[in-house]
Amino acid sequence: MAGHSKWANIRARKGVQDARRGKLFTKCIREITIAARSGGGDPVHNPRLRSAIDKALDVNMTRDTIDRAIQRGTGELEGAHYDEIRYEGYGPGGVAVMVDCQTDNHTRTVGDVRHAFTKHGGHLGTDGSVAYLFKRLGVLHYAPDTNENKVIEAALEAGADDVLTGSDGSLEVLTAPENFAAVLAAMNKTGLKPDHAEITQRAMLDVTLTGHDAEQSWKLIMALEDLEDVQHVYSNAHFPEEVMHPHA
């Protein structure tokens with residue numbers, strides 16, 4: 001975390017995603033449906049479903065819409081069958097990019113993903129070509145004005161693995177994926193509700209981009225995140241502020 005904040009990069013991307021609310025709704029519905037299909041329709045016993053529901057509520061999705069998505073996943077309602085598929089590739093400057101998709105049409109999805117890579121100076125790689133650069137973990141984000149000592153104390157008590165401090169003073173509590181739900185519940189119980197919490201893929205080593213490579217890689221990631229079949233885009237790129245906020 002030295003020298004920059006992952007949270008700043010993530011927050012900037014989340015702002016762009018939130019502006020595309022219609023597509024965000026579609027992605028939330030697909031995630032709920034797949035989570036219910038793979039782990040059952042009860043969020044108490046299905047942490048992935050619980051997390052998907054929380055994200056849907058964060059973007060003001062109605063309970064009726066959420067319930068219908070769960071019922072499609074459990075087979076109580078008819079609906080499209082979505083598969084999960086991952087694509088891996090490289091962006092400008094050799095940046096690693098991993099793209100998790102949920103689709104009912106593999107041909108369409110791989111065509112769209114390949115087009116985004118090619119248009120923005122990247123290329124698709126083979127399975128496993130960049131996945132080894134990432135680690136799956138739970139992350140709880142706290143704003144810069146959060147009391148660091150309180151977060152560290154509560155995180156230790158909750159069984160978290162680590163607490164990182166960003167250059168802007170923001171905090172991240174890291175957990176093993178299987179402990180994520182328990183740590184989140186314990187932190188909430190102490191009154192330390194995170195700004196954002198998720199199980200994600202985190203690059204083990206960041207690559208700082210500048211100039212044309214930074215601009216093109218940012219455009220690549222935004223283009224990928226704008227695709228309806230794409231659920232998550234992970235990269236090891238760190239972007240300068242002027243690329244994420246060109247008109248600031």
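**Exercise 1. Helices α6 and α7**

Val151, Ala154, Ala155 and Ala158 in α6 meet Val183, Ala186 and Met187 in α7. The model is predicted. Sort the residues of this contact by class, then describe how the two helices are arranged.

*Solution.* 
- Step 1: classes. The contact of α6 with α7 holds 7 nonpolar residues, no polar ones and no charged ones.
- Step 2: extents. Helix α6 covers residues 148–158, and helix α7 covers residues 180–189.
- Step 3: geometry. The packing angle of α6 and α7 is about 135°, and their axes lie 9 Å apart.
- Step 4: orientation. Angles over 145 degrees count as roughly antiparallel, and 65 to 115 as roughly perpendicular.
- Step 5: handedness. Helices α6 and α7 cross in a right-handed sense.

**Exercise 2. Helices α5 and α8**

Classify the orientation of α5 and α8, and list the residues that meet.

*Solution.* 
- Step 1: extents. Helix α5 spans residues 106–119; helix α8 spans residues 211–225.
- Step 2: geometry. Helices α5 and α8 pack at about 165°, with axes 9 Å apart.
- Step 3: orientation. The cut-off for roughly antiparallel is over 145 degrees. Helices α5 and α8 are therefore roughly antiparallel to each other.
- Step 4: handedness. The crossing of α5 and α8 is right-handed.
- Step 5: residues. From α5 come Val113, Ala116, Phe117 and Lys119. From α8 come Gln216, Leu220, Ala223 and Leu224.
- Step 6: classes. The contact of α5 with α8 divides into 6 nonpolar residues, 1 polar and 1 charged.

**Exercise 3. Thr65**

Is Thr65 buried or exposed? Which side chain does Thr65 join through a polar contact?

*Solution.* 
- Step 1: burial. The relative accessible area of Thr65 is 17%. Buried means under 20%, so Thr65 is buried.
- Step 2: partner. The side chains of Thr65 and Thr62 are joined by a polar contact of 2.8 Å.

**Exercise 4. Asn60**

Where is Asn60 found? What is its phi near? Is Asn60 buried or exposed?

*Solution.* 
- Step 1: location. Asn60 lies in the loop between α3 (47–58) and α4.
- Step 2: backbone. Phi of Asn60 is near 65°. That value is positive, in a residue other than glycine.
- Step 3: exposure. Asn60 has a relative accessible area of 59%. Exposed means over 50%, so Asn60 is exposed.

Note on methods: Residues are numbered from 1 along each chain as its sequence is written. This is a predicted model: local features need pLDDT of at least 70, side-chain atom pairs count only at pLDDT 80 or more; totals for chains, interfaces and linings use all residues. Side-chain values use heavy atoms; hydrogens and water are left out. Axes are lines fitted to C-alpha atoms, for helices over the stretch in contact, and angles run from 0 to 180 degrees between N-to-C directions. Helices (H or I, at least four residues) and strands (E, at least two) are DSSP runs, numbered from the N terminus. A crossing is left-handed if the near helix is turned anticlockwise from the far one by less than a right angle, and right-handed if clockwise. Contact means heavy atoms within 4.5 Å. Ala, Val, Leu, Ile, Met, Phe, Trp, Tyr, Cys and Pro count as nonpolar, Asp, Glu, Lys and Arg as charged, and the others, Gly among them, as polar. Buried means under 20% relative accessible area, exposed over 50%, partly exposed in between (1.4 Å probe, protein chains only). A polar contact is a pair of N or O atoms within 3.5 Å; within protein, one must be able to donate a hydrogen and the other to accept it, and residues adjacent in sequence count only if both atoms are side-chain atoms. Angles under 35 degrees count as roughly parallel, over 145 as roughly antiparallel, 65 to 115 as roughly perpendicular and the rest as oblique.
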